[in-house]
Amino acid sequence: MVRRTEVESQWTNLLLFRAWMPWGRAARDGLRLATRYLGDGRTLPFPVTVNVNVTNRCNLDCDYCYNRDGNQEHQMATSHLEALIGECARHRAGVFLSGGEPLTRADVPDLLAMAKRHGLPAGLATNGMLLTSSILERLVADRVDLVMLSFRGDEAAHDAFVKRPGSYRRMLESLRYLAQRLPPPGPVVHYVVTAESMPGIRRFLADMLPLRNVVVRLTHLSFADAADVAAHEAAWTARLGAPVPPLCTFRTRIDPRAFDDLPRLLADPAYGRILSKPVLSPDEARAWYAPGYRSSRRCLFVWHSTNIDADGTVVPCQYYPLAMGNIRDQSLADIWNGERYKAFRREIRRGLFPGCARCCKL
């Protein structure tokens, strides 16, 4: 049975990314997907959204980040990224640049401007620490469609986490600048819900709620404890055989009591305009942070969007480094409906793996 919150979660994404999915395209692509979902795994001719990790380098070292890769740095040449944007332009697909921290690359504003010159939706996900006045001015001048900034707690917690006093206030200034100059829905604030960020969550929301033209989104922590990992590996081996790709999610065992206030907050009408990623009811939020959580939701992401890692590897999901191909060797269009991708979609259609349970895209 499809839950109301599952529908609401997908609807929220549609509204938030409406530049990527205008109503006419949403209706057309929705009908095409409905006719192909039960087929051989082939889907739309090209992804609606191409999410690109332009680098895995970052100026921070967050414990809960799935993008940690030891000390090995990857990033494609600018020419490869320009060629990818050109291919997206031929198929009218939107691009979203992330990382690592994308602004550790000096060419990111130019890449976003190139996408906009092609008439494509373009977005940026950043931790906000490297936003300068010149970059902010370019984002506005080039009419970038969506800018996402990440906060890690209320002011005291955030500054302590990034070890930079005053960083929270500087990010608030950047947020206000974008809110005043970007068209609706304005910039998006992501607040990762962790045991460390929970104590300051209401103080943080008190800072955010008065801001106009800002989307505030609580991002539920994607994590797996030892039992979750074991269940995931057993299910993967039974269904697909070995080897099992590493599960790129935060590995930890948490105390559910640290999140006792979350269901109350989600049910509080005072926070009615706050979004969550994914949308969870108070009962679902309570279960999310409890041991043994499993989701009955369906994954639609692999049918309409894709991820490209910093070395050019196309992966179906940010949590599975399962190579579908590499854009340095072949076109994204060929990879997107290639045999590997189709086989993975057929398997995901059968049901989620345990490692998918706490996915923010469900």
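Two strands pair if DSSP finds at least two bridges between them; strands (E, at least two residues) and helices (H or I, at least four) are DSSP runs, numbered from the N terminus. The model is predicted, with local features needing pLDDT of at least 70 and side-chain atom pairs counting only at pLDDT 80 or more, while totals for chains, interfaces and linings use all residues. Residues are numbered from 1 along each chain as its sequence is written, and side-chain values use heavy atoms, with hydrogens and water left out.

**Exercise 1.** Work out how many bridges join β3 to strand β4, and which residue of β4 is the bridge partner of G123.

*Solution.* Begin with β3, residues 122-126, and β4, residues 146-151, which run parallel and are joined by four bridges. Next, look up G123, whose bridge partner in β4 is L146. Finally, follow the chain: β3, helix α5 (residues 133-141) and β4 make a right-handed β-α-β unit, where right-handed says that, with the strands pointing away from the viewer, the path from the first strand over the helix to the second runs clockwise.

**Exercise 2.** Determine which residues point each way from β3, and whether they are buried or exposed.

*Solution.* Buried stands for under 20% relative accessible area, exposed for over 50%, and partly exposed for values in between (1.4 Å probe, protein chains only). A122, L124 and T126 point one way from β3, whereas G123 and A125 point the other way, and all are buried.

**Exercise 3.** Find which strand joins β3 by three bridges, and the partner of V95.

*Solution.* The strand is β2 (residues 94-98), which runs parallel to β3, and V95 has A122 as its bridge partner in β3.
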